Amino acid sequence: MNANGLRAAGPRGRRAGEEDGSRSVRVAIGLMSGTSVDGIDAAAIEIREGDGGRPQVRLLSFENVPYPPAVREEIFALFDPSAATVDRVGRMNALLGELYAEAALSAIRRAGLEPEEVDVVGSHGQTIYHAPQPHSSQGYELRYTVQIGEGAVIAARTGIPCVSDFRVADMAWGGQGAPLVPFTEYLLYGEPDRTLLLQNIGGIGNVTVLPASCAPEEVYAFDTGPGNMVIDGVVSRLFPGMSMDVGGARAKEGNVDQELLAQLQEEPYFAQALPKSTGRELFGAAYVDRLIAYRDERGLPPNDLVATATKLTAWSIGDSYRRYIRPKHSAAAMIVGGGGSYNPTLLGMLKEELEPMGVQVMTQEDIGQSSDAKEAIAFALLADYAIAGRPNSLPGVTGARRAAVLGKISY
């Protein structure tokens with residue numbers, strides 16, 4: 001142990017599943033920090049080989065580790081490219097590596113395991129910039145993205161190989177580098193008789209379409225638009241001391257401003273051709289500034305602005321289904337995960353959008369799963385594939401020219 005109580009890198013002990021040499025049972029840790037910057041989600045999972053080559057996953061432990069307030073504030077500062085100087089980015093990259101390592105070790109302890117029993121850590125990292133559309137420079141078409149949280153630090157502190165920086169390999173092959181979770185959703189959620197929609201509502205909303213009995217190349221997914229990002233941004237500006245609309249209480253008390261909603265629905269992203277992804281660059285602080293200016297000019301009650309932002313998220317998800325999915329596949333159900341699944345006002349608006357079209361709206365908890373843990377589980381499984389050198393992407397989802405092994409491995 002070092003001064004911080006972390007295990008120093010050293011010789012590996014017995015790895016899970018090695019007792020019979022089959023490696024049929026493995027243990028992986030997944031770390032996720034999303035665009036809402038709420039903290040670090042850490043999941044420990046057991047992976048077994050199932051029928052048809054599809055893995056069977058069992059959640060061993062999960063916890064969310066909030067960022068210290070000063071760290072969260074600094075991360076938000078780095079979303080502004082003019083403030084993201086190389087010294088600040090480099091320092092935060094190393095610091096997040098330390099925090100992620102602590103979260104991984106905590107998840108291991110909570111699962112009743114020792115680090116020597118864990119095969120791999122998969123860390124999404126914290127996205128501070130994402131530019132999926134090609135930029136021409138010096139005769140090259142460049143796509144680039146920045147996720148921080150140094151994988152080498154995680155590996156050094158835990159003594160476990162760490163897979164990180166998953167997006168860049170997909171972008172090198174012409175993809176958007178997002179969304180990546182649909183690969184694991186295909187493995188874990190597909191059904192033979194029903195078309196399912198897996199909707200995540202984090203900072204950004206994204207949907208995965210799993211047609212009944214689909215092959216990997218038939219899966220498609222994309223970012224639907226804002227998830228909690230605009231709602232949280234408005235709440236934090238209008239209600240000092242609040243960072244989110246807990247339980248949808250503010251939106252429930254407000255009325256949707258139809259004129260503002262109509263203006264917001266004209267955002268070109270909503271009609272952009274697939275594949276597509278978005279982020280804080282579009283729906284971040286500048287976008288919230290526009291909403292606050294509208295509110296100040298019109299004297300709109302604060303709760304009405306929150307209700308309008310909430311309706312925009314629900315509408316954008318419904319619009320995505322009407323525009324891109326329903327013409328090809330009539331879905332039976334939408335399973336909602338992410339922080340937005342805990343907002344009953346948002347879920348009610350989403351049901352108003354989808355249930356008249358025959359799509360049942362439910363949450364991960366309704367099917368016995370965990371909305372909080374879902375994406376951390378995904379990155380643990382993505383890391384398990386990467387460490388074995390197995391492709392872990394769906395080029396039909398991201399727009400890449402070929403499937404690739406995503407993630408950089410640190411030992």
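Which residues are exposed on the other side of helix α1? They are Pro 69 and Glu 73, where exposed means over 50% relative accessible area, buried under 20% and partly exposed in between (1.4 Å probe, protein chains only). This is a predicted model, in which local features need pLDDT of at least 70, side-chain atom pairs count only at pLDDT 80 or more, and totals for chains, interfaces and linings use all residues. Residues are numbered from 1 along each chain as its sequence is written, and side-chain values use heavy atoms, with hydrogens and water left out.

**Helix α1**

- Helices (H or I, at least four residues) and strands (E, at least two) are DSSP runs, numbered from the N terminus.
- In α1 (residues 69–78), the buried residues are Val 71, Glu 74, Ile 75 and Leu 78.
- These residues lie on the same side of α1 because they cover an arc of only 105° around the axis, taken from the directions from the helix axis to the C-beta atoms.
- An α-helix has 3.6 residues a turn, so residues three or four places apart point the same way.
- The buried residues of α1 pack against α2 (86–110), β4 (120–137) and β5 (140–148), contact being heavy atoms within 4.5 Å.

**The open sheet**

- Five strands form an open sheet in the order β9-β8-β7-β10-β11, with mixed pairing; two strands pair if DSSP finds at least two bridges between them.
- β9 (220–226) and β11 (360–363) are at the edges, each with a single partner strand, so one side of each has no neighbour in the sheet.
- β8 (residues 204–210) and β9 pair in the antiparallel sense over 6 bridges.
- Asn 206 has Asp 223 in β9 as its bridge partner.
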